[in-house]
Amino acid sequence: MKTTISLIKADVGSCPGHAVVHPDLIKTAEKALKETDLLIDYVVTNCGDDLELIMTHHHGVDSDKIHQLAWDTFEKAANRAKELRLYGAGQDLLKDAFSGNIRGMGPGIAEIEFTERKAEPVVTFLMDKTEPGAFNLPIFRMFADPFSTAGLIIDPSFHQGFRFEVWDIKEHKKVMMSCPEEMYDMLALIGAKSRYVIKRVYPKQGGKLPADEPVACISTEKLSLIAGEYVGKDDPVAIVRAQSGLPALGEVLEPFAFPHLVSGWMRGSHNGPIMPVAQRSARCTRFDGPPRVVALGFQCSGGTLIGPVDLFDDPAFDRTRRQAQKIADYMRRHGPFEPHRLPQEDMEYTTLPKVLERFKNRFESME
Ligand code: F6R
Ligand code: MG
Ligand code: MG
């Protein structure tokens with residue numbers, strides 16, 4: 001029987017401000033997941049102000065039962081957040097009533113259904129204060145860049161490369177692209193990370209793993225596109241399987257040794273470095289950031305989650321963190337100027353249109 005991992009997250013309130021999920025919310029969510037018989041296993045945690053439900057089950061992806069469970073769990077946590085008068089209580093629950101699928105309702109979702117191998121290593125990545133496109137660079141490097149993943153050259157079982165499902169999140173279209181053959185075309189798209197995002201990665205036909213079962217999945221919800229105005233960032237999550245015909249654990253983590261620039265940070269309106277941190281250090285304090293990424297590793301055994309191991313809780317990433325801090329200093333010195341502040345197109349859901357509206361009669365033609 002196949003196993004499904006559903007990683008569903010929402011910001012339903014934090015303390016203080018947009019910093020950290022209150023322990024009561026974690027307890028509330030744990031209690032809600034404990035009471036159901038739908039799951040094989042679960043882990044409730046947080047990355048900064050995002051409450052994260054990592055769940056395994058046999059109901060497949062897009063199961064209305066599992067989505068309902070996640071929604072109800074977030075509602076219970078949001079109610080507790082309201083009682084405590086936490087900040088942004090209920091923020092990401094954009095709709096009043098659940099209607100069969102949690103997609104488009106506010107929470108972020110990454111789900112994969114797959115046949116477990118004899119031993120199944122899985123890494124869940126949790127980001128705070130950034131957007132889904134922040135995963136483009138590291139996922140590309142894991143599954144397509146031989147300078148990062150040595151196995152693309154050395155391991156005959158995935159020397160042929162991988163297939164990528166790329167979404168145009170503005171036009172709601174998707175395209176499958178194959179690497180290495182279409183690598184330059186794919187980079188032309190995914191370099192524009194606020195619009196084109198890698199949604200899933202698949203093995204190729206004839207390899208060790210079934211070609212129709214994803215080996216990675218990234219949440220791609222854009223809250224601003226759902227709500228039509230700025231309602232907080234889209235703090236994404238991802239599930240990545242590793243080893244035996246896939247990038248090794250260290251190859252899955254290696255791209256994060258480079259603190260690449262992502263958009264998000266203060267008011268979802270700034271570019272800054274993403275800092276890989278231990279789960280306990282996912283608390284965005286400086287200028288509400290800099291953006292964080294946490295990696296929790298598991299062995300998935302018949303759906304039981306053995307772990308988590310907090311993978312960035314390692315001195316090997318200290319230098320990356322220091323580098324991220326230096327980049328944060330450098331970027332901050334630009335204040336309200338691009339490229340620290342996001343370009344105009346990406347600011348459309350903030351005050352900029354209102355400023356332009358106010359000044360529209362004072363603009364004079366220069367012709
Ligand atoms: C970024 C984020 C924060 C808030 C900022 C203002 O993703 O969540 O930087 O945008 O703290 O928050 P409000 O408008 O709630 O005062
Ligand atoms: Mg928040
Ligand atoms: Mg957040």
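Mentor: Keep in mind that this is a predicted model. For 367 residues, a compact globule would have a radius of gyration near 21 Å, and the chain comes out at 20 Å, so the two agree.

Trainee: Okay, and what does the C-alpha trace span along its principal axes?
Mentor: About 65 × 50 × 40 Å.

Trainee: How many helices and strands are in there?
Mentor: The chain has nine helices and 15 strands.

Trainee: What share of the residues is buried?
Mentor: Buried residues account for 54% of the 367. As for contacts, take those between residues at least 6 apart in sequence: 68% of them join residues at least 24 apart.

Trainee: Is D11 buried or exposed?
Mentor: D11 has a relative accessible area of 2%, so it is buried.

Trainee: And why does H18 count as partly exposed?
Mentor: Because its relative accessibility is 30%, and partly exposed covers what falls between under 20% for buried and over 50% for exposed.

Trainee: Which residue bridges ligand 2 and the magnesium ion that's ligand 3?
Mentor: D49 does, and the two ions lie 5.0 Å apart.

Trainee: Last one: how many positive and negative side chains are there?
Mentor: There are 45 positive and 51 negative ones, and the centres of the two sets are 4 Å apart.

Conventions
Residues numbered from 1 in each chain as written. Chains lettered and ligands numbered in written order. Predicted model: local features only at pLDDT ≥ 70, side-chain atom pairs only at ≥ 80, totals over all residues. Heavy atoms only, no water. Helix = DSSP H or I, 4+ residues; strand = E, 2+ residues; numbered from the N terminus. Rg over C-alpha atoms; globule rule 2.2 N^0.38 Å. Buried < 20%, exposed > 50% of the residue type's maximum accessible area, 1.4 Å probe, protein only. Contact = heavy atoms within 4.5 Å. Lys, Arg positive; Asp, Glu negative; His and termini not counted. Charge placed at Lys NZ, Arg CZ, Asp CG, Glu CD. Donors = N, O, S within 2.8 Å, 3.2 Å for Na, K, Ca; no water.
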